Structure formats: C-alpha cells, structure tokens
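Biologist: I am new to this structure and would like to learn how to read it. Could you take me through some of its features?

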Amino acid sequence: MGDATTPCALVVMGVSGSGKSTIAERLAARLGWRFEDGDRFHPPANVAKMSAGYPLTDEDRWPWLQAIADEIDRICKARRRAVIACSALKHAYRDILVHGRDDVRIVFLNGTQDLVAERLAARKGHFMPPGLLASQFMTLEPPQPGERPVTVSIDASVETIVDDIIRQLNLVSE
C-alpha cells in the first residue's frame with residue numbers, strides 16, 4: 001500500500017465535467033481505498049438551494065467543506081485511506097480540507113475549458129448551462145506548489161490518468 005509517506009486521503013479536485021467522480025472512484029478501486037463523493041456532505045439547505053437553481057455562496061460552502069474535513073480527520077485517525085471527489089476550486093476551500101495535514105494530498109484534474117465543454121456536451125442526460133462552466137473556470141484557483149498538488153491532464157483515458165496519479169504519488173495499486 002506504500003510507505004510512511006502514503007497519504008491517508010486524496011482530494012480529487014477540478015471544475016464540473018473534469019471527471020472528478022469517475023477518476024476518484026477508479027483511483028480508489030485501484031488502490032483498494034474507500035471512495036467518497038464530496039457532494040454527499042452537503043447540508044439539506046445547500047441541496048435545496050442548488051435544486052432550485054441558485055448558486056452556492058462561500059457562506060453556504062463552509063459547513064459543507066468542514067464536514068468533508070471532519071470525515072478526512074476520522075478516516076486518518078482510524079488509519080484508513082480514502083479518495084474524495086470535491087470541486088475545491090479555491091485555495092481557501094482546499095485550506096479547510098487539508099488544514100495543514102501532510103497526509104492529505106490534492107489531485108488537480110487539469111483541462112481546458114474547450115475540452116471540458118466538449119465532454120459535457122457528450123454526456124447523456126446531463127445539462128450544464130455554458131455560463132456555469134465559464135463561472136467554474138473564473139472561480140478556479142489552480143493549486144500552487146506550496147499545496148504539493150499532483151496535477152494531471154484530463155486529456156487522456158481514465159486508466160492513463162489514474163496511472164499518472166499513482167506514479168506521481170509513488171503508490172502501489174492493488
């Protein structure tokens with residue numbers, strides 16, 4: 001499973017349509033770790049607001065991000081490991097999730113707006129207004145070197161992306 005430097009949690013981040021859930025789920029399966037979709041940690045008020053078509057504010061996001069951070073702490077304290085899909089577009093959001101831990105790493109799914117738009121257009125039964133994708137890219141603050149991110153291009157197959165993440169983290173897959 002790796003050595004003492006093996007993280008207890010990986011947060012797979014990126015804009016909507018970058019493949020967070022798909023990549024995180026596949027990565028967790030390859031590593032034999034638990035997969036968590038960050039969306040399940042939203043409080044009911046956030047879900048209602050989003051369902052009604054209203055964007056979340058930072059104030060709406062703080063309890064959600066703290067709930068994910070609390071889950072990461074539980075996982076790490078129990079000496080377990082997990083891969084969590086979470087947009088985490090801003091540095092301040094990632095600060096809450098990582099909160100200075102060395103054993104939590106950010107995996108940034110990096111792709112152009114054109115590539116993500118193309119993928120979203122190809123999704124069956126999924127509609128994202130073009131303005132929402134543009135706002136995701138306007139909000140995105142790519143991780144900086146001090147955050148020790150693993151950055152991978154999404155312009156590849158799921159398996160190639162997962163292989164790249166495992167290679168960059170020097171992990172052993174099952």
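Predicted model: local features only at pLDDT ≥ 70, side-chain atom pairs only at ≥ 80, totals over all residues.

Biologist: Let's begin with the cysteines. How many disulfides does the structure hold?

Modeller: A disulfide is a covalent bond between the sulfur atoms of two cysteines. This structure holds one, and it links Cys8 with Cys76, with 1.7 Å from S to S. Cys8 sits in the segment before strand 1 (9–13) and Cys76 in helix 3 (residues 58–77), so the bond ties together parts that are 68 residues apart in sequence. The torsion about the S-S bond of Cys8 and Cys76 is about 65°, which means that the disulfide is right-handed.

Biologist: Are Cys8 and Cys76 buried or exposed?

Modeller: Both Cys8 and Cys76 are buried.

Biologist: Now the strands. Which way do strand 1 and strand 4 run relative to each other?

Modeller: Strand 1 and strand 4 run parallel, joined by five bridges. As an example to find in the picture, Val11 stands opposite Ile106 in strand 4. Strand 4 also pairs with strand 5 (residues 150–153), again in the parallel sense, over four bridges. There, Leu109 has Val152 of strand 5 as its bridge partner.

Biologist: How many residues of strand 4 are buried?

Modeller: Six of its seven residues are buried, so strand 4 is largely enclosed by the rest of the structure.

Biologist: How do I read the two sides of a helix?

Modeller: Start from the geometry: an α-helix has 3.6 residues a turn, so residues three or four places apart point the same way. Then look at helix 5 (residues 113–122), where the buried residues are Leu115, Val116 and Leu120. Viewed down the axis of helix 5, these buried residues fall within an arc of 135°, so they line one face of the helix.

Biologist: Which exposed residues does the face of helix 5 turned away from its buried side carry?

Modeller: That face carries Asp114, Glu118, Ala121 and Ala122.

Biologist: What should I look for in the core?

Modeller: In soluble globular proteins, nonpolar side chains tend to be buried together. Here the largest nonpolar core has 47 residues, and Leu10, Leu27 and Cys86 touch the most other members. Not counting residues up to four places away in sequence, Leu10 touches several residues, among them Leu27, Trp33, Ile84, Val107 and Leu171.

Biologist: And what can backbone angles tell me?

Modeller: Most residues other than glycine have a negative phi, and most peptide bonds are trans. Ala88 has a positive phi, near 45°. Ala88 lies in the loop between strand 3 (82–85) and helix 4, and it is buried, with a relative accessible area of 0%. Asn170 also has a positive phi, of about 55°. Asn170 is found in the segment after helix 7 (158–169) and is exposed, with a relative accessible area of 64%.

Biologist: Last, the loop between helix 4 and strand 4. Where does His99 make a polar contact with Asp73?

Modeller: Between their side chains, at 3.0 Å. His99 is in the loop between helix 4 (91–98) and strand 4 (104–110), and it is partly exposed, with a relative accessible area of 37%. Leaving aside neighbours within four places in sequence, His99 is in contact with Ala69, Asp73 and Arg94.

Biologist: What is Asp103 in contact with, leaving aside its neighbours within four places in sequence?

Modeller: Asp103 is in contact with Pro7, Cys8, Ala9 and Cys76, and that list includes both cysteines of the disulfide. Asp103 lies in the loop between helix 4 and strand 4, and its side chain makes a polar contact of 2.7 Å with the side chain of Arg101. Asp103 is partly exposed, with a relative accessible area of 27%.

Definitions and conventions
Residues numbered from 1 in each chain as written. Heavy atoms only, no water. Disulfide = S-S within 2.5 Å. Helix = DSSP H or I, 4+ residues; strand = E, 2+ residues; numbered from the N terminus. Buried < 20%, exposed > 50% of the residue type's maximum accessible area, 1.4 Å probe, protein only. Contact = heavy atoms within 4.5 Å. Polar contact = N/O pair within 3.5 Å; in protein donor to acceptor, adjacent residues only side chain to side chain. Arc of directions from axis to C-beta. Core = buried A, V, L, I, M, F, W, Y, C linked by side-chain atoms within 4.5 Å. Pairing = 2+ DSSP bridges.
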